[in-house]
Amino acid sequence: MSQAFRILTALVAGLVLGIVLAKYAPDAGLTLLSVTKRIGGAWLHGLQMVIVPLVVALLVIGIAASAEAARAGRIAARALIAFVVILWFNTILSAFLTPLLLRLFPLPTEWATALRASLSKAGTAGQVPSLGDFFDKIVPTNIVDAAASDAFLPLTAFAMVFAFAITRLAPAPRKTLLDFFQAVADAMVVIIGWVLVLAPVGVFCLAFGVGTETGAAAFGALAHYIAIVSTLGVLVLLSAYPIAAIGARVGIGRFARAVLPSQVVAVSTSSSLATLPTMLRSSEALGAPASVSGIVLPIAVAVFRATSPAMNLAVALYVAHLTGTPIGPGQLAAGVATAAITTMGSVSLPGTVSFFASVAPVSVAMGVPIEALGLLVAVETVPDLFRTLGNVTMDVAVTATIAARDRGDAPAQPTDTEIDALPG
């Protein structure tokens, strides 16, 4: 039985038991609820305690690796520029589309009211910034204080600057620092792995509380959440087709046929890394030589996930919608910046770990409660499928585009007539 299936089973069992006890044995349900809330909260705190060091360490490693790759050659530099542009564009798009989707397809009022009453008891996470605070606090005055207060926006700004500074050091101290942060990241992942062993218990306890206090509305809300967040992944996936058509100068039909084998492997494995060999063949079918795809695709798998910032921001906005947390321009700007930057550091993590490491900083930066993430991770399997599909499709589109641009910049080869006309 996979971990994802165990967590999902615990979610359903907790919700069903909570609903049944609330209806037929409310006194017993309230007694049990006083225990399960503490257990679920302790499990969630176990995940929260490693997020700050993990995110900072992964950001330093990811951005330093990206800077090194950019200096390694023209093709790598072009790929990284394309990745950054796409990540920011998708994140900004999500900032507009997610609220629009929630207005067009709102959660039924009775469900939203019940869930809001349950989740609002957790309070809000972090300090909600105004638009002025966004500009005032994006550069930290005290990095230790920022870390202690979970101020992820200034933390990410510092980590980004620090990572670029590391790349300017001599090889020996640069390697020492990167090895240190890699060790920190590895240790945090080990701790998260230990905490996730208890994930079925923690999710069961959190789900029991929601089921007791909200009833069957929880099931409808989870289905609604899956639909909204997955839609953002689908939109990113679909955007890869015009990118390939315009950037790589190939027909959409040809691109669809070439990328289909990679999409099939992505669906069956839910892993961009496992899809890499098939993506190489898809890129070759679109005219990308191995000299280009052999550089772009490994970098893409290592540091680029086209869907992550858009979908991570969508998760935070959805939780804000559930809990009634107001999101103004300052909060939205903080979420966009945090989502776009932190995605460069979480791409090498397993799916469950990546969910917390990617979404929690965005939620905290926006002042959105993160307690709901303990429930949402249980149904992340479906959105994660669209994450992988979108990532793989965009990776191939960018590779084909870089290859087309590289061919356009190549010096023209002399014709036979021009060679014959040369002296001697």
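Student: What should I keep in mind about the model and its numbering?

Tutor: The model is predicted, so local features need pLDDT of at least 70 and side-chain atom pairs count only at pLDDT 80 or more, while totals for chains, interfaces and linings use all residues. Residues are numbered from 1 along each chain as its sequence is written, and side-chain values use heavy atoms, with hydrogens and water left out.

Student: How many helices and strands does the protein have?

Tutor: There are 20 helices and 0 strands. Both are DSSP runs numbered from the N terminus: helices are H or I with at least four residues, strands are E with at least two.

Student: What makes a residue buried or exposed?

Tutor: Buried means under 20% relative accessible area, exposed over 50%, and partly exposed in between, with a 1.4 Å probe and protein chains only. Of the 424 residues of the protein, 51% count as buried.

Student: Why is Thr156 called buried?

Tutor: Its relative accessibility is 1%, so Thr156 falls in the buried class. Thr156 is found in helix H8, residues 152-166. Contact means heavy atoms within 4.5 Å. Leaving aside neighbours within four places in sequence, Thr156 is in contact with Leu59, Thr338, Ile341 and Thr342.

Student: Why is the pair of Phe180 and Phe181 called edge-to-face?

Tutor: Let's take the rule before the values. Rings of Phe, Tyr and Trp (its six-membered ring) pair if their centres lie within 6.5 Å; planes under 30 degrees apart count as stacked, over 60 as edge-to-face and the rest as tilted. By this rule the count comes to 6 aromatic pairs. For Phe180 and Phe181, the centres are 5.2 Å apart and the planes stand at 75 degrees, so the pair is edge-to-face.

Student: Which class of accessibility does Phe180 belong to, and which does Phe181?

Tutor: Phe180, at 48% relative accessibility, counts as partly exposed, whereas Phe181, at 13%, counts as buried. Phe180 and Phe181 also belong to one aromatic cluster with Phe158 and Phe162.

Student: What makes Tyr241 and Phe255 an edge-to-face pair?

Tutor: Their rings are 5.2 Å centre to centre, with 90 degrees between the planes. The pair links distant parts of the chain, with Tyr241 in helix H11 (residues 217-247) and Phe255 in helix H12 (residues 252-269), 14 residues apart. Tyr241 and Phe255 are both buried.

Student: Why are H11 and H12 called oblique?

Tutor: Axes are lines fitted to C-alpha atoms, for helices over the stretch in contact, and angles run from 0 to 180 degrees between N-to-C directions. Angles under 35 degrees count as roughly parallel, over 145 as roughly antiparallel, 65 to 115 as roughly perpendicular and the rest as oblique. The axes of H11 and H12 come within 9 Å and cross at roughly 130 degrees, and H11 and H12 are therefore oblique. The contact is made by Leu237, Ala240, Tyr241, Ala244 and Ala245 of H11 and Ile252, Phe255, Ala256, Val259 and Gln263 of H12.

Student: What classes of residue make up that contact?

Tutor: Ala, Val, Leu, Ile, Met, Phe, Trp, Tyr, Cys and Pro count as nonpolar, Asp, Glu, Lys and Arg as charged, and the others, Gly among them, as polar. By class, the contact of H11 with H12 has 9 nonpolar, 1 polar and no charged residues.

Student: Where is Arg249, and why is Arg249 called exposed?

Tutor: Arg249 sits in the loop between H11 and H12. Its relative accessibility is 55%, so Arg249 counts as exposed. Arg249 has a positive phi of about 60 degrees although it is not a glycine.

Student: How do you know that H4 and H15 are roughly parallel?

Tutor: Helix H4 (residues 74-104) and helix H15 (residues 308-323) pack at an angle of about 30 degrees, with their axes 8 Å apart. H4 and H15 are therefore roughly parallel to each other. Among the residues that meet there are Leu87, Ser94 and Leu102 in H4 and Pro309, Leu313 and His321 in H15. By class, the contact of H4 with H15 has 10 nonpolar, 5 polar and no charged residues.
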